[in-house]
Amino acid sequence: MSAEEAGGGVATEVSEVAAQTAEQRQAPAPSNHVGQAIRRKEDPRLITGRARYIDDISLPGTLWAALVRSPEAHARITSIDTQAASSRPGIHAVFTGEDMADLGGPLPMAWVPPGVEVKNPEHWPLAKGTVNHVGDPVAVVLGEDRYAVIDAAEDVVVQYEPLPVVTDPEKALEGAPFVHEQLGTNKVHEWSLPGGDVEAGLAEADVVIERRVVNHRTAGAPIEPRGVLADYRAGSLTLWTSTQVPHFVRLFLAILLGMSEERVRVIAPEVGGGFGSKLQVYGEEVLAAWCSRKLERPIKWIETRTENMAVAHQGRDQISHVKMGARRDGTVTAFHVKIIADFGAYNMLLTPLIPSLGAFVMGGCYAIPNVQTDIVGVFTNKAPTDAIRGAGRPEATHMVEVTLDQMAAELGMDPVEIRRKNFIPADSFPATVATGVIYDSGDYNKTLDRLLEHIDLAAFRREQEELRSKGVFRGIGLSTYTEICGLAPSRVTGPGGVGVQAGGWESAMVRVHNTGAVTVYTGSSGHGQGHETAFAQIVADRLGVDPSVVEVIHGDTGTGPEGRNTYGSRSLAVGGEALARCATKVAEKSKAIVADQLEASAEDVELTDGKFSVKGSPDKGMTLAEVAGAAYLNLVPEGMEPGLEETTFYDPENFVFPFGAHACIVDVDRDTGKTKVVRYVAVDDCGRAINPLLIDGQVHGGIVHAIGQALYERVHYDEDGQLVTGTFVDYALPTAAELPSFETDRTETPSPVNSLGAKGVGEAGTIAASAAVTNAVIDALRPLGVNYINMPLTPMRVWEAIGQANGGASA
Amino acid sequence: MSTPVSVHLTVNGVEHQLEVEPRLLLVHALRDQLGLTGTHVGCDTSNCGACTVHLDGQAVKSCTVLAVQADGAQVTTIEGMASNGDLHPIQEAFWNDHGLQCGYCTPGMIMAAAGLLADNPNPTEDEVRHGLEGNLCRCTGYHNIVKAVLNASKVKGATIAGAES
Amino acid sequence: MIPAEFDYAAPDTLDEAIRLLGEGGEDAKLLAGGHSLLPLMKLRLATPSLLIDLRRVPGLGGVERQNGSWRIGAMTPHATLERSPDLGILARAAGTIADPQVRNRGTIGGSLAHGDPASDLPAVLMIAQGSVTLRGPGGERTVDSSEFFQDYLETAVAADEVLTEVQLPALDGFGFGYQKFNRRSEDWAMVAVCAVVKNTDGGAQDVRVGLTNMGSTPLRAGAVEEALRGQPLNAESIAQAAEQAAEGTDPPADLNASAEYKQHLARVLCKRALQEAAGL
């Protein structure tokens, strides 16, 4: 394919749309697509193998890049000998960190919270002087053949002088050795979000419990690893990259390469999953661009899975000490959380911000008057952490939901009862919670009630009792969560708020073509969520056309307005609303044109059944195609510009707060410690549903991401900083064979924040589920004396817990 | 440089003669030499299954087969599943049941499902889940994939994989 | 990841393969399905200079019964074994190997010759008291399973020999059980236990128990076999005997299992495998 073709971003190749006649395109359509489970517009290209991911794009004259990476967790580089590699046939160049002296600066970290000192050591695309984790890149080899550069990379001889290694964040806080010697500390920063007075709240409690909650390190593990194709020609750079954030990548490429921003175009082609791990400005992106400019050749780098496991940013990795106080009646009076957050070797784009995102919702969906989170960030000789699906909020939900169950047990209360006791009442929204954020809408009893329609708890308890007598240990765990998403608004997230150096708005552009077909551009950048379908549904309804003639273009900085891309479950609530508002602008202009054409008042023109018609005279009206025809013939009212196209930038007033009630049922084999999820019921409320098919899909995937963490997945480094879980053999993503089918249901409590009434749902399942699984395992194990256990709930860990509960004897 | 080897492949019904390095993986022969980029690479260790194709009618992981091992064989890739413009019933079912999100695992998942249905035309849910144990998906939680395969199994012609018919 | 460079040959006869193997020396490797070797080569943990592909060599496939014993060609893929229920425990164990795609390519000969104590078939071969045929420049020899597995990834196959055939006594009249424990069903066994029993009215006439991934080679649980020989097979006797399943083992610890946990699993799985074999 040519670069131009590839530059089309993710143009739809739906044969049925292509086959539509102009007549069909112009046909009016009723405005009822929002809410329908329409199958996806994206899918025809994906199910036929015709999609274009990064490795599917080729340019003439491309040189392949292979990276030489550190096998040491911490070492001084004493020499790099590139001679043997350079002299291999077909190898054009080998570069090291010293060769990149002209780079405009180190890799970016975009969180500068007001009044907080964040230690931010330099982080370069290729290491300079020292390596700080296994996989840290040391040199790049460029050559003509994909296989030959890998061979040549093996011939680069690097001498390392090992330095002492620290991998345990608690030990790292105690003092030397230091990951970055020049800092004289491993502490990155301290940050607190006080709400109320936790000391007073704990003092008035009848019962105070404390737990150590370990939320272990996990990998994003999208099935498509990362990849970059950089093409620098005649002063302009086009860079294709498997990213969630093409606009951020463009900005920083321009800064670091010293280029004018309009000369840099970044395209996210089809992206094979991100889960936060592609919300990043990665060194390899900068490196490929720099090499392309240096060698005046396109440069392609495709990550291997082994590299991805070692160097793509990872997630979670928090050790927390939590303290919860409650009265005898179950009223929670205070929740105090102290988090040690392991950032690995460097700050990436948003690393130190991530635990703070959880702090805002540390009180969950409960009216806890005193909630405080204190965070300490720590460097260790491990890969950096940053946002992974949920980003701080799964950790927060896990803490509050598991601790609440612990409190219920302490008080002899039922987990349902203690939740109901503390829910923020449905009539108090919008509700300002202790942490200072305003929950937009919620009805927590409603989702819990619906959940309990699916699960007869009394019957379950009887069944559980019977099974125990047969030696089967079954347990149920609840998680009633809320989360904060739709990342925006700038007034909270931006420089004057929490300190992210970017606005949180989103952009949209709607272009109606001559024939009434519609192309829309969104600044959000989908990678599997179904933007092209859901956004088409939204726009179609506001313009009276069928979604099949609404083409959604995303992921290309060369088309459409500036954008802020996709993460934090923001695409729909921010990007979708921007599009809705933009389409409304087009509809308003259309009404004015129709009024002018039909000699009516614009206020009397309404959109019904796909026609802009005059109230009271439904036969008198124009379709969008007819309006567009008039607009492009300049048959518009006096003083109005011709054409039918609008642009919108939308910055919401508030976040949105999806919520729900999940229940997990597990069987634990007491003899082996193995846990099996036998049933999982999820009731989610993400506001008004745009496309239920997509919502269910997001929930399913989100749940499994968290089941994966709770039961299977764990990034593990040994004491020497060697990565033990470096492939999919050792990093155990669950397969279909380990899982049940899920039962999903929904309530709809519209958000007042946006006109769609919509909230996000991309992370909700992940945020909810690890607590449900953990609570279920604990519920199953209580008769065996196990009252608390940390993830990952691997068979051996569960077996050991059972053994320890029985006085150290093996079960 | 090792001696190149001549390989004859029939891919989706079309014959090809290639000169390859012995170490060339079948997946790279398909993608880089024949331009059939629907078959993906997701891992280095034969776990993820994104590279699944059919080799003489059987689902295999083409990242763990050398192109030279496939000499003389019939290969079917995702591009060969639809025939005469009609989607294969498994493709159709994945679309109908939202059995994909980012789509990266999807070609391999569909080819594995085709192998499964060829061996077992009327599988139970459990058999589908175990039949797909060699394919990883990070997006869907497998729920809709399993549903799609079960629904496809009720459709005539689902047991024949495209170009193999 | 891709393999380092190597030369490749696909000989038409076994003699030619053996000749090439002899010429290639230590750096030459045989290629059957490739599902043990190629993953190692891709990670560059193995870098043979010559691969000798057996795919064209005639006579290395097929499953047939002769004189109360199964003769299984070395190139028979796991999928064929899995679909041959008459093979009993071998079919069961083969059906648990990795995943369907791997079972379509991986072969019994390749798996056995690789000698990985975590793979499923070696312990089954041991308790079936089977044997393998090896052919080298000097002719053919048969090696009993008890002498075949020598150490971690080391077998009796000499550098210039080809494993051509597996002989497996048919085990008529035996019940069998196979219990494999792993985190995910596609994983290698953390521990697996295979058991076959032949019962008579008076008690267990023959009890054989094999252990997978409990040491550097597959093992027989001799103490368990001894304890049950001639004894009635019931829940109590099995439970008691299974307590000795890990006796004398020194399993290697890994990230997900300590040696102690593996020994515990061996006891649990042994009990379950014997109960299954005894039809309890």
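Here is a short tour through a predicted model, stop by stop. Residues are numbered from 1 along each chain as its sequence is written, while chains are lettered from A and ligands numbered from 1 in the order in which they are written. Because the model is predicted, local features need pLDDT of at least 70 and side-chain atom pairs count only at pLDDT 80 or more, whereas totals for chains, interfaces and linings use all residues.

**Stop 1: where chain B meets chain C**

Select chains B and C together. Here 28 residues of chain B are in contact with 25 residues of chain C (contact means that C-beta atoms, placed from the backbone, lie within 7 Å). On chain B, colour β4 (58-61), α3 (106-119) and α4 (125-131): each supplies at least two residues of the side that touches chain C. Helices (H or I, at least four residues) and strands (E, at least two) are DSSP runs, numbered from the N terminus. The largest share of this side, four residues, comes from β4(B). By class, the side of chain B that touches chain C has 11 nonpolar, 13 polar and four charged residues (nonpolar: Ala, Val, Leu, Ile, Met, Phe, Trp, Tyr, Cys and Pro; charged: Asp, Glu, Lys and Arg; polar: the others, Gly among them).

**Stop 2: a helix pair in chain C**

Now select residues 235-242 and 259-277 of chain C, which are helices α10 and α11. Their axes come within 8 Å and cross at roughly 150 degrees (axes are lines fitted to C-alpha atoms, for helices over the stretch in contact, and angles run from 0 to 180 degrees between N-to-C directions). Show the side chains next: Ile238(C), Ala239(C) and Ala242(C) of α10(C) meet Arg267(C), Cys270(C), Lys271(C), Leu274(C) and Gln275(C) of α11(C). The residues of this contact divide into five nonpolar, one polar and two charged.

**Stop 3**

Most residues other than glycine have a negative phi, and most peptide bonds are trans.

- Ala176(A) to Pro177(A): this peptide bond is cis, with omega near 0 degrees. Pro177(A) sits in the loop between α7 (169-174) and β7 (187-193).
- Met791(A) to Pro792(A): this bond is also cis, with omega about -5 degrees. Look for Pro792(A) in the loop between α22 (764-781) and α23 (795-805).
- Ser569(A): phi is positive, about 45 degrees, in the loop between β21 (550-553) and α19 (571-598). Ser569(A) counts as buried because it has 31 C-beta neighbours inside 10 Å (buried is 20 or more other C-beta atoms within 10 Å, exposed 12 or fewer, partly exposed in between, with C-beta atoms placed from the backbone).
- Glu599(A): phi is positive, about 55 degrees, in the loop between α19 and β22 (605-608). Glu599(A) has 8 C-beta neighbours inside 10 Å, so it counts as exposed.

Note on methods: Contact = placed C-beta atoms within 7 Å.
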